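Student: I would like to learn how to read a structure one feature at a time. Could we take the general idea of each feature, and then its case here?

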Amino acid sequence: MNGNTTGEESSASDLQSGRLSDFAYSSIKEQLTRGVYKPGHKLPIRTVAEMLNVGATPAREAINRLVFEGALVMVGPKTVIVPHLDLAALYEVTQMRLALEGLATEKGAPCATNAVIDKLLALQEKITLSLNEKRYADALHDNKEFHFTIYRLCEMPHLLSTIEALWLRVGASFHDLYPEFAEAKYGVHNHLAAIEGLVDKDPSAVRAAMENDIRDGYRRLKKAAQERLKRQ
């Protein structure tokens, strides 16, 4: 009986550890996609464990998964950082975003209800206020929700998971958008155009607005990447 009890306790412990690892992974992933961390930010295992109130093992497992997925990079035996996207990776991610986010937008746009449009308007008000007050991290947080509120309308889970993987790669780089992107109000204009397309029940117009948002962002991110190369 003692042997069985020990085995059951071990299985329960492994299950709990797995759940904590999944929790840590999901939490860090969400923070990365929302641009909580800037490129170059270090994520020590101990810091992650304390931040999420989990043990070192779940934190380490979560970080290792994100390194495998390319969202984090090992730069030393115990040093993990949020990477900058180089020009080639940025181009690839952008081309995939245009195709997949455009598809999700066009397929989902006809399903937009008045409640969804009201939610987008409220989110855009928050984004605009954050940009005006130079609270760029807050703007990025709500920007992700704005985009995915539209994308989720398509009800295509595999498409959404692929889009999320792309945002996981590029989320931290969105910090390079500012302050130029905020001052020019590129994103604001594109988002309002997308909402107008939803009101008019014009999926093609909504897709065009969201694709313009991606293209405008790419131009700024590309410029920032080129400037980094010159400084190296």
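Student: Where in the chain is Gly35 found, and is Gly35 buried or exposed?

Tutor: Burial is read from relative accessible area, where buried means under 20%, exposed over 50% and partly exposed in between, with a 1.4 Å probe and protein chains only. Helices (H or I, at least four residues) and strands (E, at least two) are DSSP runs, numbered from the N terminus. Here Gly35 is found in the loop between helix H1 (2-33) and helix H2 (45-52), and with a relative accessible area of 1% it is buried.

Student: What kind of model are we reading, and how are its residues numbered?

Tutor: This is a predicted model, in which local features need pLDDT of at least 70 and side-chain atom pairs count only at pLDDT 80 or more, while totals for chains, interfaces and linings use all residues. Residues are numbered from 1 along each chain as its sequence is written, and side-chain values use heavy atoms, with hydrogens and water left out.

Student: Which residues does Gly35 touch, not counting residues up to four places away in sequence?

Tutor: A contact means heavy atoms within 4.5 Å. By that criterion, and setting aside residues up to four places away in sequence, Gly35 touches Leu140, Gly171 and His175. The C-alpha atoms of Gly35 and Ala193, which are 158 residues apart along the chain, are separated by 24 Å.

Student: How should I read the length of helix H5?

Tutor: The expected span of a helix is 1.5 Å times one less than its number of residues. For the 19 residues of H5 (residues 114-132) this gives 27 Å, and because the end C-alpha atoms are 27 Å apart, the two values agree.

Student: Which residues of H5 are buried, and which exposed residues does the face turned away from the buried side carry?

Tutor: The buried residues of H5 are Val116, Ile117, Leu120, Leu123, Gln124, Ile127, Ser130 and Leu131. Seen down the helix axis, these buried residues fall within an arc of 140°, so they line one face of H5; the arc is that of the directions from the helix axis to the C-beta atoms. The face turned away from that buried side carries the exposed residues Asn114, Ala115, Asp118 and Glu125.

Student: Against which helices do the buried residues of H5 pack, and which residue with a positive phi follows H5?

Tutor: The buried residues of H5 pack against helix H6 (136-151), helix H8 (180-184) and helix H9 (186-199). H5 is followed by Lys134, whose phi is positive, near 60°.

Student: How many of the 16 residues of H6 are buried?

Tutor: In H6, 13 of the 16 residues are buried, so this helix is largely enclosed by the rest of the structure. Its 16 residues should span 22 Å, and the end C-alpha atoms are 22 Å apart, which agrees.

Student: Which residues does a cis peptide bond join?

Tutor: A cis peptide bond joins Tyr178 and Pro179, with omega about 10°. Pro179 lies in the loop between helix H7 (157-170) and H8.

Student: Where are Lys185 and Lys201 placed, and what are their phi values?

Tutor: Lys185 is in the loop between H8 and H9; its phi is near 60°, a positive value in a residue other than glycine, and at 25% relative accessibility Lys185 counts as partly exposed. Lys201 is in the loop between H9 and helix H10 (203-231), where it has a positive phi of about 55° although it is not a glycine. Lys201 is exposed, with a relative accessible area of 67%.

Student: How many helices and strands does the chain have?

Tutor: The chain has 10 helices and 2 strands, in the pattern α-α-α-β-β-α-α-α-α-α-α-α along the sequence. Buried residues make up 45% of its 232 residues.
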